[in-house]
Amino acid sequence: IGPRACLLGLLALLVAGQCSYSPEPDQQLTLPPGWVSLGRADPEEELSLTFALKQQNVDRLSELVQAVSDPDSPRYVGGLHRFPPTSTLRQRPEPQVPGTTGLHLGVTPSVIRKRYNLTAQDVGSGATNNSQACAQFLEQYFHASDLAEFMRLFGGNFVHQAAVARVVGPQGRGRAGLEASLDVEYLMSAGANISTWVYSSPGRHESQEPFLQWLLLLSNESALPQVHTVSYGDDEDSLSGAYIQRVNVEFMKAAARGLTLLFASGDSGAGCWSVSGRHQFRPSFPASSPYVTTVGGTSFQNPFRITSEVVDYISGGGFSNVFPRPSYQEEAVASYLNSSPHLPPSSYFNASGRAYPDVAALSDGYWVVSNHVPIPWVSGTSASTPVFGGLLSLINEHRILRGHPPLGFLNPRLYKQRGAGLFDVTRGCHESCLNEEVEGQGFCSGPGWDPVTGWGTPNFPALLKTLIDP
């Protein structure tokens, strides 16, 4: 009997209520750290049951991702795309000189555009099939009326769209979620005038975001946006190893297809938890996947001026306890570990793990419209992620107009170019364990790549120049 028939037979028995599972008296069920058993589920409670077949040829898939994403590879195309013929690139004026450009009372789209040197011409043309998307989970939903009001208040100085082109999945009713509002509003204002989709995935997996449900939806679509931003994440240790690895295979598939997936690095700095009575830093997933681009957070050096940036102390970052360090970041991470004067004790982190974030953007003090109310001082890498994603969508626009494929999986190219086109953030540290040994300090930023702000924040004209051609 084959595995598929086996699964179908088991499913039929479960549905019919003819089989169940009870551990033997001497068999102990192990709970993840921090979890508490609340007893058996109610017999009337509905449970979602998912069967997954083991993925085959994962090593070959990994080789394919490397081949199509590494600029030095003869097979490099940024992904397995179908892209339009050559067109004419629009000209943009010379950028302003970076530096202090004025006062502000909170981060708005105009502040983002000034800091990262976007002009009024840096918007989508509407003449390509370029598109972008964000995902919403945990019953967070945006409201179309909030988006329209946000653009009315803050979108007056650049061409933009004020409505989402497509919602994939159920769009719940009731109050809008602040997270969902933030994601849509800043993806659509950074990636201005570019068609935007929202993927909505209700329900839970292991009481957390159903990432696999969302990824399988992407895998089953033949045409979908080129850039996806996600502002959600969980502690690595709170998810089963099998689930993390299965989700990671879907990230590999997305990278092989030429999709750019960006994830927030989290808002707990290096994190902290106790393992066998010892404190350790606590990495976040999917931020720690080697097949996504992870975005950290920064603040203005002067909170009320558009100035250079420093570390936002909440910016998530560190080293995975699950995934080994990928080859594309070997040199950058080794350089940081060998040269940083402020490394935490080695027992706090896995120095050989995948290091993150890869890049960063402003994450402090945003204005958001939610439930018809303008809300100030919203902060988190949930803000920096859609901003960076929107700017990559603008770069994709230029690439498509030149007849090039979209950027695809960005990390191999990003590390090979050693932060070209980015403002290097070299001041500040993020938070961690509040104990005598580290006194609340995690990693600190420094020249080049670091596990707080990655390679730095976008200087759009320089980043465009760096990434516009294959």
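A: Ala 270, Phe 281, Arg 282, Pro 283, Gly 317, Gly 318, Phe 319, Asn 321, Tyr 348, Phe 349, Tyr 356 and Phe 443 line the largest cavity. A cavity is a set of points on a 1 Å grid over the protein atoms alone where a 1.4 Å probe fits but cannot get out, and lining residues have an atom within 4 Å of a point. This is a predicted model, where local features need pLDDT of at least 70 and side-chain atom pairs count only at 80 or more, while totals for chains, interfaces and linings use all residues. Residues are numbered from 1 along each chain as its sequence is written, and side-chain values use heavy atoms, without hydrogens and water.

Q: Which strand gives the largest share of that lining?
A: Strand β12 (residues 318–324), with three residues. Strands are DSSP runs of E, at least two residues, and helices are runs of H or I, at least four, numbered from the N terminus.

Q: What volume does the largest cavity have?
A: About 50 Å³. The volume is the space filled by probe spheres set on the points, with grid points joined across faces, edges and corners.

Q: How many cavities of 30 Å³ or more are there?
A: Two, from a search of the whole structure.

Notes:
On a 1 Å grid over the protein atoms alone, a cavity is a set of points where a 1.4 Å probe fits but cannot get out, and a pocket is an open set with protein on both sides within 12 Å along at least five of seven lines; lining residues have an atom within 4 Å of a point.
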